[in-house]
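Thank you all for coming.

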Amino acid sequence: MKKKNVLKGVLFVGLGASIYGMLATFVKMAYHEGYTTSEVTTSQFALGIIGLLILNVIQTAASKKDLPKPDSREIGKLLLAGTSLGCTSLFYYIAVQYINVSIAIVLLMQSVWFSVVVESVITKTLPNARKVIATIIVLAGTVLATNLIHADIDLDWHGIFWGLMAAASYTLTMFTSNTIATHLPVFRKSIIMLCGGSVIILLFLFFAQIGPLHSEVLRSFYLNFTENTGHIRAFDYSIFWKYGFILALFGTIIPPILFNVGFPQAGLGLGSIVSSLELPVSVTMAFILLGEKVLLIQWIGIILILLAIVLMNLPAKKDLHIADEQVL
């Protein structure tokens, strides 16, 4: 029974990671059709909230007992934590404007060693040798995966900056998601966090698209940050039925559900290893649907990053020994 539950957990986590890995490719396809970052993120979060509200109503009605409700303090913390969720999507999608999806996902995976640094700061302890080695492997893999050695692929520094910002924000999202209001049902918790993220998305929509369209002052202010004025136009609502549904489904609804079902059964260490499937899936989707060039040296770098994730999440000998004693 235990092996069956672990296998089920692995399948759920793997499926969730694979689905989430497809997301950036659809974002890039939306860009090719002329949609803006504001339109993409707004449609994803708006439809995501609606979808989770429906699921929450169904879960509440189907439950035979009263589900836990957040208090005002927990709501405030989740809303604040949700802002990092909004920033992650926003920064990641901006990065995809400037660089290939395959490069952007590699930059997002820098959260692997970002989390080591954050953990060390919070616990005020130095990381162990295995985490240090894994971090070095990730950095080496990143050099290869982004092809910095031969530079056959043009790397826009804007894309690199926003990709790393997405990784930093994603690291914060992971820490807050695993520590705040963990007793709440996943749908209720996700809705509140999405509402917090939506504040960031709506502010960006106003600042980058709607505001500059109707105010010369805001337009002048906005042009201090970029010379691109192509997306300063009326909101194109067709994004909702063309890409919004699939972005919400693949980005804010299905993966969180699968992760929350799968991680408890697979375990955090094994689950983290399996969730790294997001990296090769994202690169493969970009290669197949977008025709992005992925060199052999980049695949070697991606494999190194995956190996580092496995190394970082393998149980220590002491933990294995304790687990064996508990089984006996």
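Is Phe240 buried, partly exposed or exposed? In this model, which is a predicted one, Phe240 comes out as partly exposed, with a relative accessible area of 22%; the cut-off matters here, because buried means under 20%.

Let me stay with the aromatic side chains for a moment. Across the whole structure, the search finds 11 aromatic pairs, and one of them joins Phe235 to Tyr237 in a tilted arrangement, with 5.0 Å from centre to centre and 55° between the planes. Phe235 also pairs with Phe240, and since those planes stand at 45°, with the ring centres 6.0 Å apart, that pair is tilted too. Phe235 itself counts as buried at 12% relative accessibility, whereas Tyr237 is exposed, at 56%. Elsewhere, Phe91, Phe161 and Trp162 make up one aromatic cluster.

Now to the charged side chains, where the structure holds 2 salt bridges. Glu33 bridges to Lys242, with 3.7 Å between the closest N and O atoms, and because Glu33 sits in the loop between α2 and α3 while Lys242 belongs to helix α11, the pair ties together parts that are 209 residues apart in sequence. Both ends are partly exposed, Glu33 at 45% and Lys242 at 49%.

Glu39 and Arg233 form a salt bridge as well, at 2.6 Å from N to O; Glu39 lies in helix α3 and Arg233 in the loop between α10 and α11, so this pair ties together parts 194 residues apart in sequence. Here Glu39 is buried, at 0% relative accessibility, while Arg233 is partly exposed, at 23%.

Technical notes:
Residues are numbered from 1 along each chain as its sequence is written. This is a predicted model: local features need pLDDT of at least 70, side-chain atom pairs count only at pLDDT 80 or more; totals for chains, interfaces and linings use all residues. Side-chain values use heavy atoms; hydrogens and water are left out. A salt bridge is a side-chain nitrogen of Lys or Arg within 4 Å of a carboxyl oxygen of Asp or Glu. Helices (H or I, at least four residues) and strands (E, at least two) are DSSP runs, numbered from the N terminus. Buried means under 20% relative accessible area, exposed over 50%, partly exposed in between (1.4 Å probe, protein chains only). Rings of Phe, Tyr and Trp (its six-membered ring) pair if their centres lie within 6.5 Å; planes under 30 degrees apart count as stacked, over 60 as edge-to-face and the rest as tilted.
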